[in-house]
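Hi everyone, thanks for making time.

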Amino acid sequence: MLYDDKVQALSLDAFAHYQMGQVVELSAGGAWYNFYQTTTYDKVWHEPMLRLHASVDVHPVKKLNLHAGLHFWDGMYALAENGKADKLPAFLDLGLSAEYNIISRFSLFLQINNILNNQYQRWNQYDNYGFNIIGGFRFKF
């Protein structure tokens with residue numbers, strides 16, 4: 001673990017949400033960070049300078065929720081073996097999910113992650129899964 005004693009940043013955040021009754025919800029947002037002062041290291045590790053996201057939620061029937069989400073991150077740095085800052089590539093991630101509530105405490109779900117099958121690292125030297133599908137049930141107690 002590497003810590004910096006003092007990090008100062010200027011950030012600009014924006015978020016918008018629009019809901020059409022109980023059927024459709026649209027969201028979009030972003031955040032930009034300018035890490036302008038660090039005391040120990042040249043960069044802030046693994047924190048993106050730019051985050052953008054958009055999502056759509058649709059409830060075609062009362063117990064069914066369909067979700068689509070898109071995320072874009074850029075400007076992340078990692079500490080390279082030579083002790084210098086190494087910029088990680090920007091990435092785009094698209095996912096879909098569906099959940100059906102059978103009863104109030106029991107539901108079935110299906111997630112389709114990284115639909116574009118982009119190869120990226122959220123953390124240095126830890127590859128993200130490519131295209132994958134997860135399904136199952138949830139029991140809330």
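Predicted model: local features only at pLDDT ≥ 70, side-chain atom pairs only at ≥ 80, totals over all residues.

If we go element by element, the highest mean, 98, belongs to strand β3, residues 50-58. The lowest is 84, and that's strand β9, residues 121-123.

You'll find N124 in the loop between β9 and β10. Is N124 buried or exposed? Buried: its relative accessible area is 18%, and the cut-off for buried is under 20%. Who does N124 touch, if we skip neighbours within four places in sequence? H46, A78, L79 and L88.

Let's follow one of those, A78. Skipping residues up to four places away again, A78 touches W45, H46, K84, A85, D86, L88 and N124. A78 also belongs to the largest nonpolar core, together with W73, M76, L88, F91 and Y120, which makes six residues in all. As a general point, nonpolar side chains in soluble globular proteins tend to be buried together.

Now for a contrast, L66. This one sits in strand β4. L66 has a relative accessible area of 34%, so we call it partly exposed. Which residues are in contact with L66, beyond four places in sequence? V56, D57, V58, P60, S97 and A98. Take A98 from that list: L66 and A98 are 32 residues apart along the chain, yet their C-alpha atoms are separated by 4.5 Å.

Last stop, the second largest pocket. Its volume is about 280 Å³. There are 16 residues lining it, and D93, G95, I112, N113 and N114 lie nearest the centre. Which strand gives the most to that lining? β7, with five residues. β4, β7 and β8 each supply at least two. And what kind of lining is it? By class, we have 10 polar residues, five nonpolar and one charged.

That's my tour. If you want one thing to look at again, go back to A78: it's in that six-residue core, and N124 is among its contacts.

Technical notes. Residues numbered from 1 in each chain as written. Heavy atoms only, no water. pLDDT = per-residue confidence, 0-100. Helix = DSSP H or I, 4+ residues; strand = E, 2+ residues; numbered from the N terminus. 1 Å grid on protein atoms, 1.4 Å probe; cavity = no way out; pocket = protein on both sides within 12 Å on 5 of 7 lines; lining within 4 Å. Points joined across faces, edges and corners; volume = space filled by probe spheres on them. Nonpolar A, V, L, I, M, F, W, Y, C, P; charged D, E, K, R; others polar. Core = buried A, V, L, I, M, F, W, Y, C linked by side-chain atoms within 4.5 Å. Buried < 20%, exposed > 50% of the residue type's maximum accessible area, 1.4 Å probe, protein only. Contact = heavy atoms within 4.5 Å.
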